[in-house]
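Welcome! Let's take a short tour of this structure, starting with a pair of helices and moving on to some backbone details.

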Amino acid sequence: MIAIGCDQAGFALKGVIIDYLKEKNLEYKDYGTYSEESVDYPVYAKKVAEAIISGEADKGILICGTGIGVSITANRYKEIRCALCGDVFSAKATREHNDSNVLALGGRVVGPGLALEIVDAWLNTEFSHIERHQRRLDMMS
């Protein structure tokens, strides 16, 4: 299951991504926000991170204006490896090399078309399990 959350600046892009998840028949849960009214992004980053930590979700997608705030917040949790991506190459690399479990996007930075390409690449790329990548993950812990 994919946990998804955003602040008001990511609300529109979250809707586009949810439509994509529905089209692909991917299970998701929307952790808010549910409008463009101003909110505090750490609230939603925390909800998505906690869903992953508890095992309720396998992966998460977070969106704020730049993606920076939600990524910083999510990465405060030991079990979270959140990657802010603005291109497809980085989305693939962070899954292959870092086994990221949260993708952060900037709603004011990437357009819907590119965002969907990034999400698609991130969701469809597996961790490589190459020894050096696993060793580095272990070092992070």
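Here, contact means heavy atoms within 4.5 Å. Please keep in mind that this is a predicted model.

Let's begin with helix H1, residues 11-23, and helix H5, residues 112-123: their axes come within 10 Å and cross at roughly 50°. That angle makes H1 oblique to H5. The crossing in which H1 passes H5 is right-handed.

Which residues in H1 and H5 meet? From H1 come Leu 13, Val 16, Ile 17, Tyr 20 and Leu 21, while H5 brings Pro 112, Ala 115, Leu 116, Val 119, Asp 120 and Leu 123.

## Rings and a charge

How many aromatic pairs does the structure hold? The count is 0. There is still a ring to look at, though: Trp 122 has the charged end of Lys 59 sitting over its ring, 5.4 Å from the ring centre.

## Backbone details in the loops

Two spots along the backbone deserve a visit. In the loop between H1 and S2 you will find Asn 25. Asn 25 is not a glycine, yet it has a positive phi of about 55°.

Where does Thr 33 lie? Look in the loop between strand S2, residues 28-30, and helix H2, residues 41-54.

Terms used:
Residues numbered from 1 in each chain as written. Predicted model: local features only at pLDDT ≥ 70, side-chain atom pairs only at ≥ 80, totals over all residues. Heavy atoms only, no water. Axes fitted to C-alpha atoms, helices over the stretch in contact; angles between N-to-C directions. Helix = DSSP H or I, 4+ residues; strand = E, 2+ residues; numbered from the N terminus. Parallel < 35°, antiparallel > 145°, perpendicular 65-115°, else oblique. Left-handed = near helix turned anticlockwise from the far one by under 90°. Phe/Tyr/Trp six-rings, centres within 6.5 Å; stacked < 30°, edge-to-face > 60°. Lys NZ or Arg CZ within 6 Å of the ring centre and 35° of its normal.
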